[in-house]
Amino acid sequence: RRLKCFGLTLAKLDLRQESSRHTEVMDAVTQYLGIGSYAEWDEKTRQEFLVKELESKRPLIPSDMPCSDRVKEVLETFRTAAQLGPESLGAYVISMCSTPSDMLLVELLQKEAGNKHPQRVVPLFETLDDLKIAPSTLRALFAIPWYLKRINGTQEVMLGYSDSAKDAGRLSSAWELYRAQESVTSVCKEFHVKVTLFHGRGGSVGRGGGPTYLAIQSLAPGSLHGRLRVTEQGEMIEAQFGQPGIALRTLELYTTATLKATLSPSAPPSARWREIMDHLSNVACGKYRAVVKSEKFVPYFRSSTPVNELGGLNIGSRPSKRKAEGGIETLRAIPWIFAFTQTRLLLPSWLGVATALQDGISKGWENELREMYRDWPFFQSTIDLVEMVLVKGETEIAKRYNQVLVPTEYQSQGDELIALFDDSVKVLLKLSGHKVLQEKNPSLLDSINIRKGFVDPINLLQVEILSRLRKLPPQEDSGLLQDTLIITINGIAAGM
């Protein structure tokens, strides 16, 4: 009876691909047709070409066009999607989306594949620069009559928490995401478009995670309108939805927080608070980038953490790097966060925050910062989440990784970061007025302190295992050490 009434359906599957892959496909097409190199065209030329082809009734891409395996993979994905029913697929998310042509190109590729029920196309703005230009990108799109007709008054926009934090640091990322929520909502309202913000949050604080209710309450006022979409990833799926009772509680939290934020939104920040936050963001971003782009940082990072070993272990759903070569910028956000979680330094979640707050205090803004912490949900949640991360850290453990695994010439980098960790603890306690970290959450503090008794020895074992693995001759069997390393990785992750 239930099947007859409601049918049998599964969750729709989203597709996701990086914008550069689509550009690569269209460049191959235009060069094959002898009309130039799409990759070399400016944005205006691209838009004019794409709109013309979208409005054309003739096909553009020859079915027998020779192409590389990379181009073929993308085209075959669109062709396969076109063969599936409308109940099978949801959104097509464009990673690293930065221009209107990125959106129009996916629409054209869907048309060329013969998709009678095209997926809704969702831009993912994930770097700091992309978040800043998100409103202008949408405004340019909505100014195109074909596109405005296509979306029929609704638009979904995904905001990337992980990569923006990896790009600019936790504080700057949080502020730009807040501003993007405001500006995207404003542009959509201007064009009478209902927007759904899709929050691409990770499980850890460094990837935008945190307590659900607190996170929703700290979103920009007016950005929800009763509509919310978020990601639940990896181990958080099991933690939030693994049992019926917990799943129900999680959905209750989402529903309650969304209703409250929609019906009774918090007051927007004052112009003065925005001015202070802009300054803090710039200082924090400057410090973060100065550290991660310094000459010593990458060698220190690769030697002090198990990031290289993580790439060789079968414990992730995706490769640890987007490209085989390159530095931090090519590394995916998950191993970036995960590697520093293992060493208990938790660097990505706090780097730059203390420097910014100290700078604000030195300018005589201490009372205003405390007022922001007390009365502004966004600022309070941002600081509280950083405080929660710091209480899980352990500088003595981080020192051990630095002393045993890092070459002597790079150990000064580790010493500097450990000192910054201690400074961060001091300045956050000063701002919050707490005597100890997580003073307002004694149950969490007790839980963390209990877990430290189990996790600390596992950390010390991991340091020794990594040291032995790296000294092992290439021809020797490392199976036992690799297996033991995985056990320590899982143990530390579970305890953190």
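Are Phe78 and Tyr92 buried or exposed? Both are buried (under 20% relative accessible area; exposed is over 50%, partly exposed in between; 1.4 Å probe, protein chains only).

## Basis

This is a predicted model: local features need pLDDT of at least 70, side-chain atom pairs count only at pLDDT 80 or more, and totals for chains, interfaces and linings use all residues. Residues are numbered from 1 along each chain as its sequence is written, and side-chain values use heavy atoms, without hydrogens and water.

## Aromatic pairs

Rings of Phe, Tyr and Trp (its six-membered ring) pair if their centres lie within 6.5 Å; planes under 30 degrees apart count as stacked, over 60 as edge-to-face and the rest as tilted. The count comes to 22 aromatic pairs. Phe78 and Tyr92 are stacked, at 5.0 Å centre to centre and 20° between the planes. Phe78 sits in helix H4 (residues 69-83) and Tyr92 in strand E2 (residues 89-95), 14 residues apart. Helices (H or I, at least four residues) and strands (E, at least two) are DSSP runs, numbered from the N terminus.

Phe142 and Phe191 are tilted, with 5.4 Å between centres and 55° between planes. Phe142 is buried at 2% relative accessibility. Phe191 is partly exposed at 22%.

Helix H20 spans residues 395-405. Its buried residues are Thr395, Ile397, Ala398, Tyr401, Asn402 and Leu405.

Ser303 lies in helix H14 (residues 297-304). Ser303 is buried, at 10% relative accessible area. Beyond its neighbours within four places in sequence, Ser303 contacts Leu405, Val406, Pro407 and Arg470 (heavy atoms within 4.5 Å).
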